[in-house]
Structures are given as structure tokens and as C-alpha cells.
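Subject: Structure for you to look at

Hello,

Here is the structure I promised to pass on. Please open it first and keep it beside you while you read the notes below.

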Amino acid sequence: MKRNMTLALATVVTLLMHSCMGATTATNENSDSDAVEVASPAGENKMESNTTTAAVIPAGEWLEMPAVVPEGKYPDAVMVTVMDGGERNYSLLYDRSTYTPMWVAYPLESKHMGEIERPSNWDWNPYISISDQVNLCRRSYTDSDIYSRGHLIPNASRNGIKSMQEQTFYVTNSVPQVQDGFNGGIWQRLEAALQKVGEEELIYIVTGVAFNKEGEDRVVEYTSARDDDKSVPIPNYFYKVVLKVDTNSAGEVADATTVGFWFENKSYSGGYDKHTATVDQIEAWTGFDFFVNLPDAIETAAEQNSSWDSFRNW
């Protein structure tokens, strides 16, 4: 679904390690600006911003970035790109009013994956005010017998590069996700399937959550963290949209395909391939516009596929 929307503004900042113990607070008081105020290692605040446009995005990079958020939708959200040195790790749209990453967008290829041991603790995101985050650093949600700290960009999609892996354990990459039969079941199997594809070729992924489909008015339940008294809304839905591209000799995108997956936040049996949807359909449900950096005709055709087999074998 192609809309006349400006390309998402990607706020690029340098990696600044924050510890859950004695962290320096990073602030961003203006969600309408493409600049983010971050704390430097010495504690001196500085402003850094980098607004990207289609003209400066080479084929093979940043192709998964959604369009800028429609006016009035998530007014308290901030869009941040997490860098590992000079390399982009992932981008996220973080809604500070609900302490929720609405989506995380990232490339995935073989270099990202390996066998580095999983970190034992989580940490603050150094690019967002600590007051706008939930303390999940040492312990999970109060309903941890039901909900786990669900990654949007998974650990196993970055366990080939330790510094990038650690950035997947920022608390802003966590949402309350049903563990048994979902995060520890069908969702994990889907992530593993996408990682297998990523071992063979570069793919682009957006993982997100929704409280309601567009026009829907479902009840939203809340939980909290064991070490924080903030009320955290529990997403009713989880989704992934995934992109593959083919480039010509000039490095330009010549063709593409996509597939989407849509789940309620509940326990499942059966296969993830039974829960596919077109990207167009997920755009209609979420109000977001995905893969806007593709040429219009290619995007329109690519977003019609809902077959996992067709995507995997393309």
C-alpha cells in the first residue's frame, strides 16, 4: 500500500553504554523533532540528528524502514536508530506514553548470527529518558508466569556480534508476551525460520505490536514490572513483515517479494505458516506504511504475497 508520505526520519546516534545501576539519563523532550538529546560518556548533553531521504538510501540498506507516522498517531512516540559504532543495528518507534516499542526494523544476514552466550540481564536504552522506560533490567513482569520479556528484535538475530546482541537487551526492546505456546513456541519457531533464510541471503524485517486493529476497540489489559510501578499495557497483537529484494548490476532494486505474519498475544499450537497475511493487510490493520523505499510499482506487487513457501523459495 503506497501512500504519499514522507520517508521515516531516522535519528542516528552513537552507542553510549548505560548501566541499570547509576545510569546517566538521556532525554528527548520533543517528539516532533528529528533530533534526540543524548548523554555523552562524560555526561555532557549534545544534539545529533540525521534525516535520511530516499535519495541517500542505497539499495540494500534501510529498505525496511516504515514511513513517518501519520499525524496524530502515537504523538508521544520517538523514532531512534541504534548504532553499533558506525554500523546501524536497528531502528525503533518507541511510544513513551505506553512504554511500548510499536515496531523495530532491522536487516538480517549471516554475519549477525552466531553462538555468543545470551546476556543474563537487560539494560536501559541510552537514547531515551530513563523516566520513559520500564525497569526490566534484572527481573521480568509481575505476571511472569504468563508474560515474558518478549524481544521484538530477537537475541538470536544478533548473537554473532556481541555489541549488537547487547543492544537487543535494551528494555525498550521488550513487551509483555505470552510465554508458553507463543514466545517460547510458535513465535520462536518463526524467528528461527527467518534466521535460516537470513543465513542464506540478506532480508529486511519489521516486528511490531498493536493494541487494536484500525477501527477496533478491544479491551487492553495491563501489567507492571517487578522492579517498577509503571502500568504497562499488554499488546493484543504481534506481527512481522519481511522483505527480500533482487538488485541489478547497478545495485538498484529490480524486484522484491514480501510476506507478513499476524498473531494474537496468546498460546498457539500448529505452524506459523498458518498465520500469514499480505503486507497490505497488515498495513490496513496497523495504520503503518511499510517498505516505502521500494520503487512504487515493485512495492505494490511485492506486498500482495501471503504465502510463506513462495517467499522462502523466491
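Which strand supplies the largest share of the lining of the largest cavity? Strand E8 does, with three residues. Before the details, note that this is a predicted model, in which local features need pLDDT of at least 70 and side-chain atom pairs count only at pLDDT 80 or more, while totals for chains, interfaces and linings use all residues. Residues are numbered from 1 along each chain as its sequence is written, and side-chain values use heavy atoms, leaving out hydrogens and water.

The cavity

The structure holds one cavity of 30 Å³ or more. A cavity here is a set of points, on a 1 Å grid over the protein atoms alone, where a 1.4 Å probe fits but cannot get out; lining residues have an atom within 4 Å of a point. Grid points are joined across faces, edges and corners, and the volume is the space filled by probe spheres set on the points. For the largest cavity this comes to about 60 Å³.

Its lining has 13 residues, and Tyr99, Val134, Leu136, Tyr141 and Ser174 lie nearest the centre. Strands E8 (174–178) and E11 (232–233) each give at least two residues to the lining; strands (E, at least two residues) and helices (H or I, at least four) are DSSP runs numbered from the N terminus. By class, ten lining residues are nonpolar, three are polar and none is charged. Nonpolar covers Ala, Val, Leu, Ile, Met, Phe, Trp, Tyr, Cys and Pro, charged covers Asp, Glu, Lys and Arg, and polar covers the others, Gly among them.

The salt bridges

The whole structure has ten salt bridges, each a side-chain nitrogen of Lys or Arg within 4 Å of a carboxyl oxygen of Asp or Glu.

One of them joins lysine 73 to glutamate 214, at 2.8 Å from N to O. These two are 141 residues apart, lysine 73 in the loop between strands E3 (45–48) and E4 (77–84), and glutamate 214 in the loop between E9 (203–210) and E10 (222–223).

Another pairs glutamate 264 with arginine 218, at 3.4 Å from N to O. Glutamate 264 is in strand E13 (residues 253–264) and arginine 218 in the loop between E9 and E10, 46 residues apart.

Aspartate 309 and arginine 312 also form a salt bridge, with their closest N and O atoms 2.7 Å apart. Both lie in helix H5 (residues 308–313), three residues apart, about one turn of the helix.

Regards

Notes: 1 Å grid on protein atoms, 1.4 Å probe; cavity = no way out; pocket = protein on both sides within 12 Å on 5 of 7 lines; lining within 4 Å.
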